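Subject: Structure handover and findings

Hello,

Here is the structure for your files.

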Amino acid sequence: MKLELTEDGFAALNEKIAELQDKASAGIVEPTRAAAILRDVRVDLFGLAQLMKAKIVIAEDPEWTAGPLGA
C-alpha cells in the first residue's frame, strides 16, 4: 500500500496546517482568548482529518506488496 496526494492535495493540506499554526500562535500571544482559540483549533483539526480523507488516496503498489511485508 502507498499513499498518494491528489493534484491539489499538498497545497490544500499545507494551507490548512498554516491556518492551524496561526490560530495556535494567536492563543499563545493572547492568553485571555487561549481557551476559545484551543476549541477552534480542535474543530479545525477534525476538518484537517476530513481534508486528508479527501486528498490522500491509498493505492496498491506491486513493489510494496512484493517485499517481506507483503509476503
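How many salt bridges does a search of the whole structure find? The search finds 5. Please keep in mind that this is a predicted model.

Salt bridges

As background, side chains of opposite charge can pair when their charged atoms come close.

Start with Asp8 and Lys55. They form a salt bridge, with the closest N and O atoms 2.9 Å apart. This pair links distant parts of the chain, as the two residues are 47 residues apart. Asp8 sits in the loop between strand S1 (2–5) and helix H1 (9–29), while Lys55 belongs to helix H2 (residues 34–55). Asp8 has a relative accessibility of 41%, so it counts as partly exposed. Lys55 has a relative accessible area of 17%, which is under the 20% cut-off, so Lys55 is buried.

Next, Glu19 and Lys16. Their closest N and O atoms are 3.8 Å apart, and the two form a salt bridge. Both lie in helix H1. They are 3 residues apart, about one turn of the helix. Glu19 counts as partly exposed because its relative accessibility is 37%.

Then Glu30 and Arg33. Their side chains meet in a salt bridge, at 3.2 Å from N to O. Both residues are partly exposed: Glu30 has 32% relative accessibility, and Arg33 has a relative accessible area of 42%.

The core

Which residues make up the largest nonpolar core? There are 7: Ala12, Leu13, Leu20, Ile37, Val41, Leu48 and Leu51. H1 and H2 each supply at least two residues of this core. The largest share, 4 residues, comes from H2. For context, in soluble globular proteins, nonpolar side chains tend to be buried together.

Leaving aside residues up to four places away in sequence, Ile37 touches Lys23, Ala26 and Gly27.

Is Asp44 buried or exposed? Asp44 is buried, because its relative accessible area is 16%, and buried means under 20%. This residue lies in helix H2. Not counting residues up to four places away in sequence, Asp44 touches Lys16, Leu20 and Lys23.

Asp22 lies in helix H1. Its relative accessibility is 56%, which is over 50%, so Asp22 counts as exposed. Asp22 and Val41 are 19 residues apart in sequence. In space, their C-alpha atoms are 9.8 Å apart.

The surface

Which residues form a nonpolar patch on the surface? They are Met1, Leu3 and Ile58. Together they have about 350 Å² of accessible area. Ile58 is found in strand S2 (residues 56–59). Its relative accessible area is 56%, over the 50% cut-off, so Ile58 is exposed.

Best wishes

Technical notes: Residues numbered from 1 in each chain as written. Predicted model: local features only at pLDDT ≥ 70, side-chain atom pairs only at ≥ 80, totals over all residues. Heavy atoms only, no water. Patch = residues over 30% accessible without salt bridge, like charges linked within 9 Å, V, L, I, M, F, W, Y side chains within 5 Å. Areas by Shrake-Rupley, 256 points an atom, 1.4 Å probe, with all protein chains shown as cover. Salt bridge = Lys/Arg side-chain N within 4 Å of Asp/Glu carboxyl O. Buried < 20%, exposed > 50% of the residue type's maximum accessible area, 1.4 Å probe, protein only. Contact = heavy atoms within 4.5 Å. Core = buried A, V, L, I, M, F, W, Y, C linked by side-chain atoms within 4.5 Å.
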